[in-house]
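My notes follow in the order I worked.

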Amino acid sequence: MMYSEKVMDHFMNPRNVGEIEDASGVGTVGNAKCGDIMKIFLKIEDGVVLDAKFKTFGCGAAVATSSMATELIKGKTIQEALEITNKAVMEALDGLPPVKVHCSCLAEEALHAALWDYAEKNGIVIEGLEKPVNDISEHENLPEEE
């Protein structure tokens with residue numbers, strides 16, 4: 001299985017690892033099939049994501065996608081943050097092997113879960129945001145792990 005240099009870089013030197021105290025939103029998503037768990041913390045002020053951190057328990061690709069996803073979301077408005085899809089994360093990493101595509105889906109879901117948490121805490125509705133799932137293996141037909 002070949003990983004791009006960017007995936008290896010974000011795996012070996014992950015950005016934004018850790019927690020944000022008093023985070024505006026926290027999203028935790030797992031994948032029961034492969035055992036990956038991703039937790040993303042967002043600090044949001046005036047509708048802008050000022051900071052993002054993550055804690056991920058999983059394979060190298062899961063670490064790399066959460067690292068890249070937190071990089072991509074920083075400085076974005078909430079609406080822009082919603083546009084960070086698994087495809088955007090994969091493109092930013094120069095692609096993932098097919099069996100690891102689900103890791104980028106996990107990153108997208110965890111970002112959305114953190115935004116959902118923020119919306120709930122603040123009693124707001126974020127246009128276009130759907131209630132996240134806790135386990136992405138429930139609703140996606142993903143390729144099985146090797």
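**Loop residues with positive phi**

Asp 46 sits in the loop between β2 and β3. I am working from a predicted model. I checked the backbone of Asp 46 and found phi near 50°, a positive value in a residue other than glycine. Is Asp 46 buried or exposed? I read a relative accessible area of 80%, so Asp 46 is exposed.

I then went to Asn 16, in the loop between α1 and β1. Asn 16 is not a glycine either, yet its phi is positive, about 65°. Its relative accessible area is 13%. The cut-off for buried is under 20%, so Asn 16 counts as buried.

**The sheet**

Next I traced the strands. They form an open sheet of three, in the order β1-β2-β3, with antiparallel pairing. Which strands are at the edges? They are β1 (25-31) and β3 (48-57), each of which pairs on one side only. I noted an average twist of 15° from one strand to the next.

I looked at the pairing of β2 (residues 36-45) with β3. The two run antiparallel and are joined by nine bridges. I picked out Leu 42, whose bridge partner in β3 is Ala 52.

Then I asked which helices pack on the sheet. One of them is α2, which touches β2 and β3. I get about 175° between the direction of α2 and that of β3. Helix α5 also packs on the sheet, where it touches β1 and β2. The direction of α5 makes about 145° with that of β1.

**Helix α5**

I tested the length of α5 (residues 101-122). With 22 residues at 1.5 Å a residue, α5 should span 32 Å. Its end C-alpha atoms are 32 Å apart, so the two values agree. I also checked burial: 16 of the 22 residues in α5 are buried, and the helix is mostly covered. Just after α5 comes Gly 123, with a positive phi of about 60°.

**α1 against α2**

Last, I looked at α1 (residues 5-12) and α2 (residues 60-73). Their axes come within 8 Å and cross at roughly 90°. Angles of 65 to 115 degrees count as roughly perpendicular, so I describe α1 and α2 that way.

Which residues meet here? From α1 I list Val 7, His 10 and Phe 11. From α2 I list Gly 60, Val 63, Ala 64, Ser 67, Met 68 and Glu 71. I sorted the residues of this contact into five nonpolar, three polar and one charged.

How values were computed: Residues are numbered from 1 along each chain as its sequence is written. This is a predicted model: local features need pLDDT of at least 70, side-chain atom pairs count only at pLDDT 80 or more; totals for chains, interfaces and linings use all residues. Side-chain values use heavy atoms; hydrogens and water are left out. Axes are lines fitted to C-alpha atoms, for helices over the stretch in contact, and angles run from 0 to 180 degrees between N-to-C directions. Helices (H or I, at least four residues) and strands (E, at least two) are DSSP runs, numbered from the N terminus. Angles under 35 degrees count as roughly parallel, over 145 as roughly antiparallel, 65 to 115 as roughly perpendicular and the rest as oblique. Contact means heavy atoms within 4.5 Å. Ala, Val, Leu, Ile, Met, Phe, Trp, Tyr, Cys and Pro count as nonpolar, Asp, Glu, Lys and Arg as charged, and the others, Gly among them, as polar. The expected span of a helix is 1.5 Å times one less than its number of residues. Buried means under 20% relative accessible area, exposed over 50%, partly exposed in between (1.4 Å probe, protein chains only). Two strands pair if DSSP finds at least two bridges between them.
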